[in-house]
Amino acid sequence: MTSHGAAVYTPTAKALHWTIVLLVTIQFVTALAMPDIGPHTQPDTWIGLHFSIGVLILVVMAARLVHRLMYPVPLEASQAPAWERVVALLIHRLFYLILLTGPLLGWASASAHRLTVSLFGLITLPSIAAPKARWALTAGDVHATAMWVLLALVAMHAAAALYHHVVRHDATLRRMLPVE
Ligand code: HEM
Ligand code: HEM
């Protein structure tokens, strides 16, 4: 790291970024494929996958946050207008916020619906809310809404990255690619 902070994303930061992109993409497929979760929902494969991959995302994001705090990287595109930099930073922080708290809200909802959460059937996790707990059922609604908001933010974030690459011809996208 230089006195100005590391100017580049470490290979680990890049690997974590693209691992999360892959996992979140698969996670939206499981969210759409699984049945609506209600009072009488029985566990099935899609639900099991949704819970497992969701918990995996939580774990990987926690590792990513620790890594990010250890190796802070300033934003690229120093010539960009101030408002763009503010929006970019805000979206990055929202990603951490939604991907670290959102899975816990889904987990609370699962517990309130008496559905067991496990990591691919290998490790069974405790239930974190009482059956039918009102707050946890509300948490499930917040969970779903937060994840659709996440998807909209991802679309803006990806569009901005491609805009920098194709229109502005700067290094923003390249610095996050495995090989620059
Ligand atoms: C970042 C990871 C996650 C994403 C992107 C995600 C995404 C979503 C989405 C988009 C929905 C709404 C589906 C629909 O409207 O039909 C949903 C619902 C749900 N998810 Fe997740 N999820 C994640 C993690 C988790 C985890 C870790 C759990 C449980 C351990 C979980 C449990 C649930 C439950 C129970 C519902 C139904 C909510 C309700 O209606 O009360 N999710 N998820
Ligand atoms: C689930 C989807 C995504 C999430 C959650 C996400 C999250 C993040 C976060 C939190 C950062 C800040 C740096 C860090 O902490 O590692 C970042 C940076 C970046 N992301 Fe994404 N990202 C996603 C998808 C994408 C996609 C699809 C692209 C490309 C088309 C992309 C391109 C970039 C670039 C180029 C940067 C570096 C920006 C800079 O430092 O100036 N991301 N992303």
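How many nonpolar, polar and charged residues does the shell around ligand 2 have? Point 4 returns to this question.

1. Basis of the note. This is a predicted model, in which local features need pLDDT of at least 70, side-chain atom pairs count only at pLDDT 80 or more, and totals for chains, interfaces and linings use all residues. Residues are numbered from 1 along each chain as its sequence is written, while chains are lettered from A and ligands numbered from 1 in the order in which they are written.

2. Overall architecture. The protein contains four helices and two strands, arranged along the sequence as α-α-α-β-β-α. Helices (H or I, at least four residues) and strands (E, at least two) are DSSP runs, numbered from the N terminus. Along the principal axes, the C-alpha atoms occupy a box of roughly 55 × 25 × 25 Å. Of the 180 residues in the protein, 18% are buried. A residue is termed buried if 20 or more other C-beta atoms lie within 10 Å of its own, exposed if 12 or fewer, and partly exposed in between, with C-beta atoms placed from the backbone.

3. Ligand 1. The shell around ligand 1 has 24 residues, of which Ala 31, Gly 54, Pro 103, Gly 106 and Gly 140 come nearest. A residue counts as near a molecule or strand if its C-beta atom, placed from the backbone, lies within 6 Å of it. At least two residues of this shell come from each of α1 (11-33), α2 (45-70), α3 (82-112) and α4 (134-168), and α3 gives the most, with seven residues. By class, the shell has 15 nonpolar, eight polar and one charged. Here Ala, Val, Leu, Ile, Met, Phe, Trp, Tyr, Cys and Pro count as nonpolar, Asp, Glu, Lys and Arg as charged, and the others, Gly among them, as polar.

4. Ligand 2. Around ligand 2 there are 18 residues, the closest being Val 24, Glu 76, Ala 158, Ala 161 and Met 176. In answer to the opening question, this shell has twelve nonpolar, four polar and two charged residues. Each of α1, α3 and α4 supplies at least two of the residues in the shell around ligand 2.

5. Packing of α3 with α4. The axes of α3 and α4 lie 8 Å apart at an angle of about 150°. Axes are lines fitted to C-alpha atoms, for helices over the stretch in contact, and angles run from 0 to 180 degrees between N-to-C directions. The contact of α3 with α4 has 18 nonpolar, seven polar and no charged residues.

6. Packing of α1 with α2. For α1 and α2 the angle is about 160° and the axes are 9 Å apart, so this pair is also roughly antiparallel. Their contact comprises 16 nonpolar, seven polar and two charged residues.

7. Nonpolar core. The largest nonpolar core has eleven residues, including Ile 47, Phe 51, Leu 105, Trp 107 and Val 117. Such a core is a set of buried Ala, Val, Leu, Ile, Met, Phe, Trp, Tyr and Cys residues joined through C-beta atoms within 7 Å. At least two residues of this core come from each of α2, α3 and α4, and α3 gives the most, with five.

8. Thr 41. Thr 41 sits in the loop between α1 and α2. Thr 41 counts as partly exposed because it has 15 C-beta neighbours inside 10 Å.

Methods:
Parallel < 35°, antiparallel > 145°, perpendicular 65-115°, else oblique.
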